[in-house]
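The entries follow the order in which I looked things up.

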Amino acid sequence: MTASAPLLELKQLSTHFVSARGTRVVRAVDEVSLTLRAGETLGIVGESGSGKTTLALSILRLLPTAARIVGGQVLFQGEDLLPKSDTEMRRIRGKRIAMILQDPMASLNPLFTVGDQVAEPMRVHEHIGRGTAWSRAKELLRAVRISAPETRVNEYPHQMSGGMRQRIVGAIAISCEPALLIADEPTTSLDVTIQAQYLQLLRDLQRTHHLALIFITHNLGIVAKMCDRVAVMYAGRLVEAGPVRRIFDAPAHPYTEALLESIPRLADPHQRLTAIEGQPPDLSALPAGCAFAPRCPKVLERCRGEAPPTITIGHEHVARCWLRGAG
Amino acid sequence: MTQAPALLEAANLTKLFPVKRGLFSGPPGMVRAVDGVSFTIRAGQTLGVVGESGCGKTTTAKLVLRLEEPTGGTIQFEGRDLHTLDGRGLRDYRRSVQAVFQDPYASLNPRMRVAGIIAEPLVTNETVAATALTKRVHELLDVVGLPARAADLFPHEFSGGQRQRIAIARALALSPKLVVLDEPVSALDVSIRAQILNLLRDLQEQLALAYLFIAHDLAAVAHMSHTVAVMYLGKIVETGDAELVAKAPRHPYTQALFSAALPSRPPDAGAPQEEIILSGEVPSPLNPPAGCRFHPRCPYVMPRCSQEEPPLLMVDGRLVGCHLYEHGSPAADQSVGAGFRSAGGEAAR
């Protein structure tokens with residue numbers, strides 16, 4: 001693979017949820033295109049229901065049964081993941097692409113020791129013996145800064161704090177040295193100082209293992225701190241994507257702009273917040289044109305009728321908005 | 001800022017929870033959830049309480065709401081000690097102090113219509129004619145920015161932000177003087193949070209409400225509050241003017257907490273990152289460390305920190321509980337600022 005070829009490339013990926021009778025279709029992910037290079041960090045930002053988690057699950061093909069990938073391609077290291085069989089996908093998950101979920105208590109098995117769970121991916125994917133896997137598990141626990149890993153390997157998840165559990169999930173994720181790590185709201189359940197510890201740890205792991213990271217979050221602060229590039233989702237669509245500094249300095253889409261202005265800032269605490277009026281839309285009954293049009297402060301007549309195309313604003317910076325040019 | 005009159009004054013407030021142990025394992029332990037905390041809420045102003053989980057901020061709210069009896073200390077409301085109030089006085093107190101909770105999916109009864117939810121405090125506390133009641137409900141809905149037809153709907157027909165508006169309308173029904181806001185926006189979507197924070201600020205201005213605002217989002221607390229109190233393991237470690245504390249924190253824990261707060265924009269390329277990352281986790285309140293409770297995680301820990309508990313002293317216009325500041329502030333202040341960068345790097349390892 002050449003250095004410039006992307007590690008992961010999504011091309012017009014669409015995932016829909018279809019009701020049992022097929023009468024209601026929810027376009028959870030709608031024609032999303034993204035690229036990610038090796039070692040890079042991409043933040044996917046959006047509110048609940050914007051499709052960010054469905055997008056991540058579509059990459060790993062871990063969708064619930066009602067969801068269907070109806071179009072597009074997921075190119076990972078040059079090969080399309082969508083036509084792969086379940087067996088082939090199992091060899092990729094945990095080995096080449098790993099994922100960290102929001103709630104560490106739900107992603108660890110309460111009946112197995114921490115050592116068993118950290119060693120499991122290595123035994124499954126790399127077929128190494130129990131003893132070797134066990135000693136590598138201890139090293140991994142040390143790498144994620146668990147103190148006294150020799151005793152901790154024999155303990156169970158309930159004996160640990162939330163921050164420690166999330167670090168153990170991190171150890172499992174990096175155990176087979178994946179090329180891509182997807183973290184879905186990894187610090188939402190953690191306290192502020194523990195969150196800072198965990199973000200620092202993820203950054204160190206990324207550097208030492210040359211990981212590409214996808215950060216799924218609703219928190220723009222995490223994006224500002226951790227990411228090289230950011231993709232903003234609204235109602236299943238990618239509304240803006242680009243380098244993180246560009247997006248924060250000169251957002252092109254009114255939704256991104258409004259989101260950035262709606263968060264309180266420590267540096268300027270008494271400024272009035274700019275609220276986004278209205279509510280996020282119902283995904284099964286989206287408006288005809290741009291989904292953000294009903295809440296958009298800069299709405300044009302055209303926005304209500306026609307969905308805007310993806311428009312290139314600058315280097316690697318795209319936005320879906322009529323304000324940025326007529327199609 | 002002009003000093004508004006004190007509405008509620010808590011002095012040396014303490015709440016211990018006994019922990020049951022096994023039959024033969026000795027006397028029951030005590031969780032010192034809130035330990036000798038004093039604060040003042042002024043009329044029409046906001047006191048923000050910040051801290052991590054387990055620091056006692058929700059217990060403090062419950063003590064103020066009289067949902068828990070304090071083990072020690074006093075709360076005075078408009079100059080009267082709550083402990084001395086009889087049934088009638090207590091009922092008056094409860095009318096003056098209302099609450100909005102974190103999860104609007106759990107705090108509204110799913111089997112009641114919105115009109116019934118908002119009118120309930122009025123029905124239980126006052127004798128109001130049915131027509132006046134409907135009028136009042138519509139007024140309250142209007143105040144929180146909901147249409148009058150919302151009155152006939154059920155909570156499940158509303159989004160999270162709208163439900164929080166209903167909860168706020170209910171809290172305002174009795175025209176309280178103080179509203180306790182326990183994480184009022186943490187369950188809401190990002191684009192909705194600003195709506196609710198703006199609404200709360202507008203209401204404060206219109207109705208001269210005082211707020212006890214509890215949150216773990218530091219920027220939101222700094223945005224909403226006139227005064228803040230930073231809690232750690234049941235103690236206030238620093239308290240004072242919100243802007244002063246947020247912009248130039250003095251206690252090592254406050255400094256670490258505000259340094260761990262996420263930036264509102266990406267750092268400039270090449271700008272030095274002054275980040276303080278604490279090692280370790282919050283110890284159990286069942287067996288808090290002796291002396292200063294922060295000393296096992298503190299980057300400046302001195303021998304006396306593990307023996308003596310630091311008193312709250314006035315440092316640069318706010319109260320700080322830390323031995324570093326005991327002998328005058330400016331000199332200690334500079335050495336702390338400089339020492340932190342290196343010590344922070346150390347602690348991160």
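Entry 1. I note at the outset that the model is predicted.

Entry 2. I looked up helix α3 (residues 114-125) of chain B against helix α4 (residues 130-143) of chain B and found an angle of about 110°, with the axes 10 Å apart. Angles of 65 to 115 degrees count as roughly perpendicular, and α3(B) and α4(B) are therefore roughly perpendicular to each other. I recorded their crossing as right-handed.

Entry 3. I then listed the residues that meet: α3(B) brings Ala115(B), Ile118(B), Ala119(B) and Leu122(B), while α4(B) brings Leu133(B), Arg136(B), Val137(B) and Leu140(B).

Entry 4. I turned to chain A, where helix α4 (residues 114-126) and helix α7 (residues 162-174) have axes that come within 7 Å and cross at roughly 25°. This makes α4(A) roughly parallel to α7(A). From α4(A), I noted Val114(A), Gln117(A), Val118(A) and Pro121(A) in the contact; from α7(A), Ile168(A), Ala171(A) and Ile172(A). These divide into six nonpolar, one polar and no charged.

Entry 5. I looked up the contact between the chains, to which chain B gives 35 residues and chain A gives 35 residues. On the side of chain B that touches chain A, at least two residues each come from α6 (190-207), α7 (218-224), α8 (242-247) and α9 (252-260) of chain B. I marked α6(B) as supplying the largest share, seven residues. That side of chain B comprises 20 nonpolar, nine polar and six charged residues.

Note on methods
Residues are numbered from 1 along each chain as its sequence is written. Chains are lettered from A and ligands numbered from 1 in the order in which they are written. This is a predicted model: local features need pLDDT of at least 70, side-chain atom pairs count only at pLDDT 80 or more; totals for chains, interfaces and linings use all residues. Axes are lines fitted to C-alpha atoms, for helices over the stretch in contact, and angles run from 0 to 180 degrees between N-to-C directions. Helices (H or I, at least four residues) and strands (E, at least two) are DSSP runs, numbered from the N terminus. Angles under 35 degrees count as roughly parallel, over 145 as roughly antiparallel, 65 to 115 as roughly perpendicular and the rest as oblique. A crossing is left-handed if the near helix is turned anticlockwise from the far one by less than a right angle, and right-handed if clockwise. Two residues are in contact if their C-beta atoms, placed from the backbone, lie within 7 Å. Ala, Val, Leu, Ile, Met, Phe, Trp, Tyr, Cys and Pro count as nonpolar, Asp, Glu, Lys and Arg as charged, and the others, Gly among them, as polar.
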